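Hello,

Here is the structure you are taking over. Please open it alongside this email.

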Amino acid sequence: MDVDTVHDNMVNKVATTPACGLTMLVVPGKPEESILWHRVKPLEDGETPCAPKMPAGSDGLSAEQAQLVYDWILSGAPK
């Protein structure tokens, strides 16, 4: 699967399984409303995740990697 296909399958798409009280995978400009953000952001001490973390088996991405995802969504999730 190429990058454009992955982008098209995530941005402004309803999730098959809602999580964290949200239904959209990626909402351009709104990381806090995007399931992807909640799945990759690192867990804070004592936090219980509202969705399975990505990558699988982790506590989310590193703070630096997660910031890249946050900034990408905040900037409108461009291709």
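This is a predicted model: local features need pLDDT of at least 70, side-chain atom pairs count only at pLDDT 80 or more; totals for chains, interfaces and linings use all residues.

The largest nonpolar core has nine residues: Val11, Val26, Leu36, Trp37, Val40, Ala66, Val69, Ile73 and Ala77. Two elements give two or more residues to this core, namely helix 2 (35-40) and helix 3 (63-74). There is also a second, separate core of five residues, among them Ala15, Leu22, Ile35 and Ala51. Take Val40 from the nine-residue core: apart from its neighbours within four places in sequence, Val40 is in contact with Met54, Gly60, Leu61, Ala66 and Val69.

Next, look at Ser34, in the loop between strand 2 (22-24) and helix 2. Ser34 counts as buried because its relative accessibility is 0%, and the cut-off for buried is under 20%. A polar atom of the Ser34 side chain lies 2.8 Å from the backbone nitrogen of Val27. Leaving aside neighbours within four places in sequence, the contacts of Ser34 include Leu22, Val26, Val27 and Ile73.

Last, the disulfide. A disulfide is a covalent bond between the sulfur atoms of two cysteines. The count here is one: Cys20 and Cys50, with sulfur atoms 1.8 Å apart. The torsion about their S-S bond is about 85°, so this disulfide is right-handed. The pair links distant parts of the chain, 30 residues apart: Cys20 is in the loop between strand 1 (14-19) and strand 2, and Cys50 is in the loop between helix 2 and helix 3. Cys20 counts as partly exposed at 23% relative accessibility, and Cys50 counts as partly exposed at 44%.

Regards

Note on methods:
Residues are numbered from 1 along each chain as its sequence is written. Side-chain values use heavy atoms; hydrogens and water are left out. A nonpolar core is a set of buried Ala, Val, Leu, Ile, Met, Phe, Trp, Tyr and Cys residues joined through side-chain atoms within 4.5 Å. Buried means under 20% relative accessible area, exposed over 50%, partly exposed in between (1.4 Å probe, protein chains only). Helices (H or I, at least four residues) and strands (E, at least two) are DSSP runs, numbered from the N terminus. Contact means heavy atoms within 4.5 Å. A polar contact is a pair of N or O atoms within 3.5 Å; within protein, one must be able to donate a hydrogen and the other to accept it, and residues adjacent in sequence count only if both atoms are side-chain atoms. A disulfide is a pair of cysteine sulfur atoms within 2.5 Å.
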